[in-house]
Amino acid sequence: MEQGKSVPHLRRIMPAILILIQVVLIFVLQKRVTFMLEDTDFSYNLATGEKLASLKDVFQSQFWAFKNRGGSLLAGTVYQTLLLLGEGFSNFINTIVYLLVAVLISYVSGVRRQRLFFVSLSMALIICLNTDWLSTYFWQFGFTQYMIPSVFLLFYLRLFIRVMDDFTWEPTRRRVILVCLCGFLGSWWNGGVGLVCMGIFLGAFLMHYFILRRRTPMYLVLSGLCALAGFLLYVIAPGNYKPDSIMSGIYLSFGIFPSVALSLIMMAVLLRAGGFLTPSQILMLLALGGAVLFDFLLLPVSGVGVNGLSLATLILSVCLFSSLLNHMNSSHPGHWRYAYLLSFVVILYSVMTLLGQSVGVY
Amino acid sequence: MRERRPGFLNIQPIEYFARFTAPMALLFFVANYFLKSWQFGHDYDSFRLLEAVLGATIFEAVTFLICLLTSRRSVAGYFRFVIFYLAFVPHLSLGYITKLWQFSYLFEFREDLVNHKWSGLFALWSADWSGYLQLLVPMMILVLGARKMNGGEQTRFPLRYWVLLAVACFFLALMFLFSGIINLSQYMIAIILVYIISDSWEQVRRYDSTEPEVLVSWAEILMFAALWLKGAVEILG
């Protein structure tokens, strides 16, 4: 009897410990990876060439960058502000944002039971499925340009998921404004995230029109338009079209294949085990398909936006994977032990990789 | 409620492909043969036709023999296995295979492990082992779980799986100790995992005794097409 009681307790404690271990490792590694490459360049006022001293310098620098180097004005401003505030503050913010992304993934996946388990799994999967994890999550430039807009993307996706899972649900006005703002800011922050946001809207529109035979709710249309507005604001920067634009560099080099393949395999497994896809999962699948298509189409174009598209695709894949795994575990309670085994392997990989970097063997 | 028309997603894929089964199978076989001969032929500075043909023939023989060991033998099962193989099993060049007879080369101690101790161990983890954990091991766990769920909780995994996993662990240990054997160990571990995944997948299909939903069949085709494309792009890339 005592043994029977201890199992659920252990199931609550273990994911919490694993999350804590990963958070500590991520924070330690954030401290070890100092400002480098673009971080050094952007520590100076780009207009005057002097060291950043105040917010005035940041705005002046970004105004110059908007005209001459391109990229997102919003992302650039936050980036230079973080550089101005110093490494200690940036490390703290980066760790919090990383954890927030994992928590949001579990919410987007519709997880109600064992949420801590899915948070720890998502934290590990984000590292495990990205071969260029060091540049994406621990280099300040990479983190600001690609990881922070994922928070907006996940808030944006959350509204669509709620609507798809329950058609009678009506969001409050405040929530609609928040989601429109997230779509706008995410798209303005990174063009790739903007494309994915518009892909999510397009997927929802197609599902309403062809499958559900309903009119798309006005607030979804509005959030799609906000994403489009943010994307246009990102694209119109005159600096994007200059020869030494920030858009001409390659900043990340990881393939989206492992993440997409894992979610496709999970989908095939669920369907073969007698499961079905919920409307929200079909929406995520459509959005993922769109993101993969964009990835291939924009392959010859390099730059911040396209790299952002790869990370947004990875985040979408992890959301879809978590949602499908949760679905499988709910319909087949016996599958939980495989989910635990899977998470053990993924977390082991992630922790060993982080440890390998922390002890400095590369 | 409007009546559903028989559209693209309401017809089983087999009905589309039934008339073209033989030419499609032949085309697929030729395409894979071409891909592997391309890979073996380009192991050298210039393309060598003899090595290309020899390597591709060895590939066909190995995959065919392994497929004979699976519990469910069929042409479609063979092609599914080959797709997994192309996508996940690392390439061994003929030059390396011929070196495998040299005992001193194969069992040379790894210097990084001897010189750097713990940090060397982490480096080995990142460099040699991690790639398999990244995708193949999670895949194997998922497919084994599906097999158990479909076949019933009381279904036991065959003994050969445990033997093969023990062999994979043995090769893993060898890989951490000797430098010459790294590529062979990676190949063996990958092929064992691919075999287990492929065999379990065939069992999952068998246990799915009801007529599968059309969407299920299309989803499966989508997955295998994506895996084959990955393998092809990597080989040609």
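**How the two chains meet: a conversation**

Biologist: Happy to have you here! How many disulfides turn up in a search of the whole structure?

Modeller: Zero, over all chains. Bear in mind that this is a predicted model.

Biologist: What makes Glu220(B) and Arg272(A) a salt bridge?

Modeller: Their side chains meet at 2.7 Å, N to O. The rule asks for a side-chain nitrogen of Lys or Arg within 4 Å of a carboxyl oxygen of Asp or Glu, so the pair qualifies. The structure holds six salt bridges over all chains. This pair crosses between chains, running from helix 11 (residues 214–236) of chain B to helix 12 of chain A. Across the interface of chain A and chain B, the rule finds one salt bridge.

Biologist: How many residue pairs are in polar contact between chain A and chain B?

Modeller: One, with both residues at pLDDT 80 or more. On the chain A side, helix 12 (257–272), helix 14 (304–331) and helix 15 (336–358) each supply at least two of the residues that touch chain B. That side divides into 30 nonpolar residues, seven polar and three charged.

Biologist: How much area is buried between the chains, and what share comes from carbon and sulfur?

Modeller: About 3400 Å² is buried, with carbon and sulfur atoms giving 79%. In chain A, Phe257(A), Arg272(A) and Tyr338(A) lose the most area to chain B, together 24% of what that side buries. As for contacts, 40 residues of chain A touch 39 residues of chain B.

Biologist: What confidence values come with all this?

Modeller: Chain A averages a pLDDT of 84, and 94% of its residues score at least 70. Within chain A, helix 1 (residues 2–32) has the lowest mean, 78, and helix 5 (residues 87–108) the highest, 91. Chain B has a mean of 79, with 78% of its residues reaching 70 or more. The model scores ipTM 0.80 and pTM 0.87.

Note on methods: Residues numbered from 1 in each chain as written. Chains lettered and ligands numbered in written order. Heavy atoms only, no water. Contact = heavy atoms within 4.5 Å. Buried area = accessible area lost by both parts, 1.4 Å probe. Polar contact = N/O pair within 3.5 Å; in protein donor to acceptor, adjacent residues only side chain to side chain. Helix = DSSP H or I, 4+ residues; strand = E, 2+ residues; numbered from the N terminus. Nonpolar A, V, L, I, M, F, W, Y, C, P; charged D, E, K, R; others polar. pLDDT = per-residue confidence, 0-100. Disulfide = S-S within 2.5 Å.
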